[in-house]
Amino acid sequence: MKKSPIKRISPEQRKELRLRAKLKKELLEEQIEEKGYTWCVACGQTKSVAEIQLGHIIKVQVGGTSRENCKLWCQGCHIKISGH
Ligand SMILES: [Zn+2]
C-alpha cells in the first residue's frame, strides 16, 4: 500500500506558491527599506514578519497574485477584509 504523507500539489499550485512567497518577500523588504520595520497596511500597526500575511484584495482565482492585488496584512485584518 502506497501512502504519501506529503500532499500533492500541481505544478500550477507550486508556481503560485512560489510567486506569493517572492512577492511577500519583496513587499516586506520594501517596508524595511522605507521605515526600518514591517507593518500591516490596513490597520497601520507595526507587525513582525511572522505576523504579516500576504492577502488578496480580489480573490486569487479572479484577481491573481500581483502587486496591485496583494497587500501585507496582519491576520486580524486579513480575516476582516477578505473573509478567509
Ligand atoms: Zn492589520
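Student: Before we start, how are residues numbered, and which pLDDT values are needed here?

Tutor: Residues count from 1 along each chain as its sequence is written. The model is predicted, with local features needing pLDDT of at least 70 and side-chain atom pairs counting only at pLDDT 80 or more, while totals for chains, interfaces and linings use all residues.

Student: Okay, which elements does the protein have, and in what order do they run?

Tutor: Elements here are DSSP runs numbered from the N terminus: helices are H or I with at least four residues, and strands are E with at least two. This protein has three helices and two strands, and from the N terminus on they run α-β-α-β-α.

Student: How does the radius of gyration of the protein sit against the globule rule?

Tutor: The radius is taken over C-alpha atoms, and the rule is 2.2 Å times the number of residues to the power 0.38. Here the radius of gyration is 15 Å, well over the 12 Å that the rule gives for 84 residues, so the protein is more spread out than a compact globule. Along the principal axes, its C-alpha atoms fill a box of roughly 55 × 25 × 20 Å.

Student: How many residues of the protein count as buried, and where does strand E2 stand?

Tutor: Of the 84 residues, 15% count as buried. Strand E2 (residues 70-74) is mostly covered, with five of its five residues buried.

Student: How do I read the two faces of E2?

Tutor: In a regular strand, side chains alternate between the two faces of the sheet. In E2, Cys70, Leu72 and Cys74 are on one side, Lys71 and Trp73 are on the other, and all are buried.

Student: How does E2 pair with E1?

Tutor: Two strands pair if DSSP finds at least two bridges between them. E1 (residues 52-56) and E2 pair in the antiparallel sense over five bridges. For Ile52, the bridge partner in E2 is Cys74.

Student: Which residues make up the largest nonpolar core?

Tutor: Nonpolar side chains tend to be buried together in soluble globular proteins. A nonpolar core is a set of buried Ala, Val, Leu, Ile, Met, Phe, Trp, Tyr and Cys residues joined through C-beta atoms within 7 Å. The largest one here has six residues: Cys40, Ile52, Leu72, Trp73, Cys74 and Cys77. E2 gives the most to this core, with three residues.

Student: What does Cys77 touch?

Tutor: Contact means C-beta atoms, placed from the backbone, within 7 Å. Not counting residues up to four places away in sequence, Cys77 touches Cys40, Ala42 and Cys43. Across the protein, residues 24 or more positions apart account for 47% of the contacts with a separation of 6 or more.

Student: Where is Ser82, and what is it in contact with?

Tutor: Ser82 is in helix H3 (residues 75-82). Ser82 is partly exposed, because 16 other C-beta atoms lie within 10 Å. Leaving aside neighbours within four places in sequence, Ser82 is in contact with Gly55 and His56. Ser82 and His56 are 26 residues apart along the chain, and their C-alpha atoms are separated by 7.2 Å.

Student: Last one: where does Gly63 lie, and what does it touch?

Tutor: Gly63 lies in helix H2 (residues 60-63). Setting aside residues up to four places away in sequence, Gly63 touches His56, Ile57, Ile58 and Asn69. One of these, Ile58, lies in the loop between E1 and H2.

Technical notes:
A residue is buried if 20 or more other C-beta atoms lie within 10 Å of its own, exposed if 12 or fewer, and partly exposed in between; C-beta atoms are placed from the backbone. Two residues are in contact if their C-beta atoms, placed from the backbone, lie within 7 Å.
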